[in-house]
Amino acid sequence: MDKGKDIADNQMEMLEKVPSGIPGFDDITNGGLPSGRSTLVCGDAGAGKTMFGMQFLIEGTTEKQEPGVFVAFEESEPDLKKNVASLGWDLDFLCRQKKIAVEAMHISSEEMTEAGQYDLEGLFIRLDAAIQDVGAQRIVLDTVETLFGLFTDAHIVRAEFRRLLQWLKDRGITAVVTAERGHEGLTRFGIEEYVSDCVVDLSQTMHGQTTRRHLRILKFRGSGHGTNAYPFLIGRHGIHLFAVTELGLDYPISKERISSGVPRLDEMLGGKGFYRASSILLSGTAGTGKSSLNASFVDAACARGEKALYISYEESRAQIIRNMESIGIDLQKWYTNGLLNFHTVRVTTYGLEEHFFVVKELIEENPPDVVVIDPVSNLLQMGSPEEVKNLLTRLIDLLKSQGITTVVTELITGGNPMEGTNTDISSLMDAWILLRAIENAGERNRVLYVLKARGMSHSHQVREFVLSEAGISLVDVYTGPAGLITGTARYTQEAQEEAEHKRRLEEIERKRKELERKRRVREAKLKEIEAQFQGEEEELELAIREAEKEEEKYLQTQEQRKQMRSGAEGHE
Amino acid sequence: MNNAHNDNSGQGKDPAQSSFQLRLFVAGSTARSQQAIQNIRRICEEHLQGQYSLEVIDVFQHPEKAREYQILALPTLLKELPQPLRKVVGDLSEKEKVLQGLDIQLV
């Protein structure tokens, strides 16, 4: 948020910018590339420089109506067209429409000798012809430094390169100049010295089996810009940047409620189920029924005629369908009629950013109403908990902004599951349901708690969670592990009360009730003890009286015997 | 008599086929352009008399030719025949380099 404000403040300077065509890039530069000036894009081979340039030109063919020239120093025209076609763009068509001109500089130094004074006027003449041909306002020089390798006289090339930049500036053409990264300087031939308006660096690093790409803006004269290394991907539609500010919290919220697929669970959630476009975390140890709840949720959505996307990082589609069949949930029919789509992939297939991007593309291509991700904890194989949390924050923001209800499962390993989640994502989620297995009297039973449900009153009771051929059902439990109360669910009057606040109040209330119960137990016990005591007291007193009577009788008898004995003595 | 190093020996004595096909690309009638034209004419007369054809192309007038022949630097002398294709850039003031660039060996 603060960063966004900084950028806005710096925008006091009125530097005109043109949209870059790179999703996310215009957000971090507050508008795109400097209009009528040159931008240097540098990076290693394969870093995405050509792609950057091509997206920049394609952007000019859309709403902006700024035709462009692609000057290819390395790739041949057919190669370029083939590469661009793989991203879904028809360069041939755009060329025929005179929206883009491709000028391929196909030269090899082997066939060339230098003999005397020369300049690069031929290059200028060709560029001028191409620019006039389409009325270009954009140009990409990819990779212009090839010229330095082509001609031996570096002085001439430098002078001509400087002249070229000025020449483009004089014509008001916005240029992207690509260059390969050098070992010492930023670029091999130090051309960053000449391109002073904007410098963008594309980098790639290997992380295990996956490539991580980052974009950094090293310089942007007269403009504020984000300074982070922004992760990006080269996906099916080219470079896509993940600016942190890309998605805010500014999405519409829904009051609509949708079923979890388990009627008793809906009842626990204020009687109506989840909020639409909310995020729900299901956490639990292995075998506690997370996937079954997922399937039930998806099944209910499809039964309402909604579209669902099931993302599994663990099981194949066939496996999921078969397993759910065993508890009476038929996912196959939804898959067959197209309401349910699966995206099953090992987490190690991509880097974290790519996972985000793939999901983004999937929901853009075929927007679902509900999404389940099972389990997100697997993503921890690909990055630190902070990175995973960051990814999930963006992912959940994205899904919410699209009005999609998301159920995310998390496998908890070891420790006390009540204490926190492994990925520490519970704070991101609107609702948090915990599944546990408890062993009791030689039986292993599943229980379910609703730990948190923002914006609704919800039951704090534990329910036994039963999986059978008839599906999922929840059953009341009367005994549970340590200090659980039973009784009827309370419904809070003010539903709009902030959930955390309410949870606390309910916690206090729950404790009070427990205290009250204990007090009553104590009183009952005291009464019982009192009653018991009274009973025993009476009994004992009676016994004492009886014993005293016995004793009295005995004493009397003794007395009589004494008198009788003394009387007999008197007779003698 | 100077001789061309001839790759197409199979094409024999036919002067039309064994001759040098040269194109000189210049940018307008600048001093450098004039220089280059004079230099190549002199070299040809001296070393390739009767064995060459030379076409001078002003790319200002014909920008499409710069594209067709992949010309960047000006002036550029292009040798299309005999193969292989060669380019010599510059005002052609360095005669040794021009001859070397055209694969012409001095006897």
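**View 1. Overall make-up of chain A in the predicted model.** Of the 572 residues in chain A, 42% are buried (20 or more other C-beta atoms, placed from the backbone, within 10 Å of a residue's own). Chain A has 15 helices and 23 strands; helices (H or I, at least four residues) and strands (E, at least two) are DSSP runs numbered from the N terminus. Of its contacts between residues at least 6 apart in sequence, 72% link residues at least 24 apart, a contact requiring C-beta atoms, placed from the backbone, within 7 Å. This is a predicted model in which local features need pLDDT of at least 70 and side-chain atom pairs count only at pLDDT 80 or more, whereas totals for chains, interfaces and linings use all residues. Residues are numbered from 1 along each chain as its sequence is written, and chains are lettered from A in the order in which they are written.

**View 2. Contact between chains A and B.** Chain B contributes 30 residues and chain A 20 residues. On the side of chain B, helix 3 (63-68), strand 4 (86-89) and helix 4 (95-101) each give two or more residues.

**View 3. Strand pairing across the two chains.** Strand 6 (residues 112-114) of chain A pairs in the parallel sense with strand 4 of chain B over 3 bridges; pairing requires at least two DSSP bridges. Here Met112(A) is opposite Lys87(B).

**View 4. Strand pairing within chain B.** Strand 1 (residues 20-26) and strand 3 (residues 76-81) of chain B run antiparallel, joined by 5 bridges, with Phe25(B) opposite Thr76(B). Strand 3 also pairs with strand 4 of chain B, antiparallel over 4 bridges, and Leu77(B) faces Val88(B). A hairpin through 4 residues joins strand 3 to strand 4 of chain B.

Notes: Two residues are in contact if their C-beta atoms, placed from the backbone, lie within 7 Å. A residue is buried if 20 or more other C-beta atoms lie within 10 Å of its own, exposed if 12 or fewer, and partly exposed in between; C-beta atoms are placed from the backbone.
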